[in-house]
Amino acid sequence: MAALNIDRKQFEQLLNGDKPVLVDYWAPWCGYCRRISPAYDKIAQQYADEIEVVKINIDDEEALSDEQGIDIIPCLILYKNGKAAASVVNPPSKAAIDSFIADNL
Amino acid sequence: MKKVYDMLVIGGGPGGYTAALYAARAGLSAMVLEKLSAGGQMALTHQIDNYPGFEAGVDGFELGEKMQAQAQRFGAVTEYAEVYEADLNANPKVVKTSEGDFYGRTVVIATGAGPRELGLSEEQSLIGRGVAYCAACDGMFYKGKTVVVVGDGNSAAADALLLSRVAEKVIIVHRRDSLRATKIYHQPLMNAENVEFAWNSTVKEILSDGKVSGVVVRDVNSGEERQIACDGVFVSIGRKPATELVKDQIKLDGSGYIVADESTKTNIDGVFAVGDVRTKQLRQVVTAVADGAVAAHMAEEYLA
């Protein structure tokens, strides 16, 4: 299962849900974003029971991305209880995403 | 009971997946250990024009995914794992990773090369926050901004030219007092109105306030230091092989590349080195895939 790309409405619904939400802010023209996508899809599979693992295209959701303070991508933000709890820019490996989650969940 | 693969491949670039493809087609069980995604360095190149068979060029990321899919079609498997340690002299050979330990009768090292770093203390933490190593990948972020390019070779000159078309101002920090790059770069760089030079200089420190805000450069002759305000620092001082993992077991040359000839054989039996990580004359996708095929052939011979 690949990580789902969502819009603002879905994002707001997820934030109000029970599970933590992990968002990968990305854009189609961003080489590093593409490079993390296979590992990120794997993360989505692996954590499906505990975390909502999704993606937001910053070109499609410009206002939302600005509100979330995104100015460098790929940027992963973990939201807990509706609030941004931690972020990481351009993780270099799947293991780095795993430890980011382990440290902040 | 632990599964022992005929071949463990460390690194999922063109060399690694070609080794896996040839191994799988020869009936060997092969696993590729890749930390992020297929393709390696070429995954960041949007257009590759010198890989034969694609007259209009090919996207490096897509080419990587295709090589992966092709190897997998014949039974090779991929594990998205970061390799922490390898015991290449053990029998079977052991590779310890973020996803557990894996065992192989042969190991192909296809870890490639990466950008050489300046080695400054703040550098690592500012990657993605102003410190960059690939103008073609990250240049877009610096539209209308000021960037510093560090380096005096051809790749620095090419990066500076590329950035001059996007950024407001480009400052090249150059160790000497004249360009070392090939002549074709001289005139365009001198003619570009927004390119400046800091001659005889090295970067001593990167300044930041959460992201890059400038650099401190040092004049190599006078020792005088001054600050240059900028939004980005592009480091373009060459490449270094990814051999940290095996440096205590495998013979390396003076620059850190694995010593192996056309046969891809290293000093350890059953361990092969392919692609950019190996000592060779020309580091290209096409020479990496050639190595992969040879390594699989040699592995087959070794296992026979």
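1. Domain layout. In this predicted model, 33 Å separate the C-alpha centres of domain 1 and domain 2 of chain B. Domain 1 of chain B takes two segments, 4-115 and 239-303. Domain 2 of chain B covers 124-235.

2. Nonpolar cores. The largest core holds 81 residues. Val9(B), Ala20(B), Ala23(B), Ala30(B) and Ile109(B) have the most contacts inside it. Take Ile109(B): beyond its neighbours up to four places away in sequence, Ile109(B) touches Ile10(B), Val246(B), Ile258(B), Val271(B), Phe272(B), Ala273(B) and Val277(B). A second core is separate and has 30 residues. Leu163(B), Leu179(B), Val203(B) and Val235(B) are included in this second core. As background, nonpolar side chains tend to be buried together in soluble globular proteins.

3. Helix H1 of chain B. This helix runs over residues 14-25, 12 residues in total. From first C-alpha to last, H1(B) reaches 16 Å, close to the 16 Å expected at 1.5 Å a residue. How many of the 12 residues of H1(B) are buried? The count is 11, so H1(B) is largely enclosed by the rest of the structure. Among the buried residues are Pro14(B), Tyr17(B), Leu21(B) and Tyr22(B). Just after H1(B), Gly27(B) has a positive phi of about 90°.

4. The parallel sheet of chain B. Five strands make an open sheet, in the order E8-E15-E9-E10-E11, with parallel pairing. Strand E8 (131-132) and strand E11 (195-198) of chain B are the edges, and each pairs on one side only. E9(B) pairs with strand E15 (232-235) of chain B over four bridges, in the parallel sense. Within that pair, Val150(B) has Val235(B) as its bridge partner. Val235(B) is also part of the second core.

5. Gly139(B). This glycine sits in the loop between helix H3 (135-138) and strand E9 (146-150) of chain B. Is Gly139(B) buried or exposed? Gly139(B) counts as buried because 20 other C-beta atoms lie within 10 Å, and the cut-off for a buried residue is 20 or more. Gly139(B) and Leu163(B) are 24 residues apart in sequence, yet their C-alpha atoms are 6.0 Å apart.

6. The E13-E14 hairpin of chain B. E13(B) and E14(B) form a hairpin with five residues between them. Gly223(B), in the turn, has a positive phi of about 80°. The pairing of strand E13 (212-219) of chain B with E14(B) is antiparallel, over five bridges. Val215(B) is bridged to Ile228(B) in E14(B). Strand E14 (225-229) of chain B is hardly covered: of its five residues, the count of buried ones is zero.

7. The sheet of chain A. Here the order is E1-E3-E2-E4-E5, in an open sheet of five strands with mixed pairing. Strand E1 (4-5) and strand E5 (83-89) of chain A each have a single partner strand, so one side of each is left without a neighbour in the sheet. Strand E2 (21-26) and strand E3 (52-57) of chain A pair in the parallel sense over six bridges. In this pair, Val21(A) stands opposite Glu52(A).

8. The contact between the chains. Chain A gives 18 residues to the contact and chain B gives 15 residues. On the chain B side, eight are nonpolar, four are polar and three are charged.

9. Backbone points to check. Two cis peptide bonds are listed here. Ile73(A) to Pro74(A) is cis, with omega near -5°, and Pro74(A) is in the loop between helix H3 (62-67) and strand E4 (75-80) of chain A. Asn91(B) to Pro92(B) is cis, with omega near -5°. Pro92(B) lies between strand E4 (83-87) and strand E5 (93-97) of chain B, in the loop.

10. Positive phi outside glycine. Asn81(A) has a positive phi near 50°. Its loop joins E4 and E5 of chain A. Asn81(A) is exposed, with 8 other C-beta atoms within 10 Å. Asn200(B) has a positive phi of about 50°. Asn200(B) is placed in the loop between E11 and strand E12 (201-208) of chain B. With 17 C-beta neighbours inside 10 Å, Asn200(B) is partly exposed.

Terms used. Residues are numbered from 1 along each chain as its sequence is written. Chains are lettered from A and ligands numbered from 1 in the order in which they are written. This is a predicted model: local features need pLDDT of at least 70, side-chain atom pairs count only at pLDDT 80 or more; totals for chains, interfaces and linings use all residues. Domain bounds come from an automatic or database domain assignment. Two strands pair if DSSP finds at least two bridges between them. Helices (H or I, at least four residues) and strands (E, at least two) are DSSP runs, numbered from the N terminus. Two residues are in contact if their C-beta atoms, placed from the backbone, lie within 7 Å. Ala, Val, Leu, Ile, Met, Phe, Trp, Tyr, Cys and Pro count as nonpolar, Asp, Glu, Lys and Arg as charged, and the others, Gly among them, as polar. A nonpolar core is a set of buried Ala, Val, Leu, Ile, Met, Phe, Trp, Tyr and Cys residues joined through C-beta atoms within 7 Å. The expected span of a helix is 1.5 Å times one less than its number of residues.
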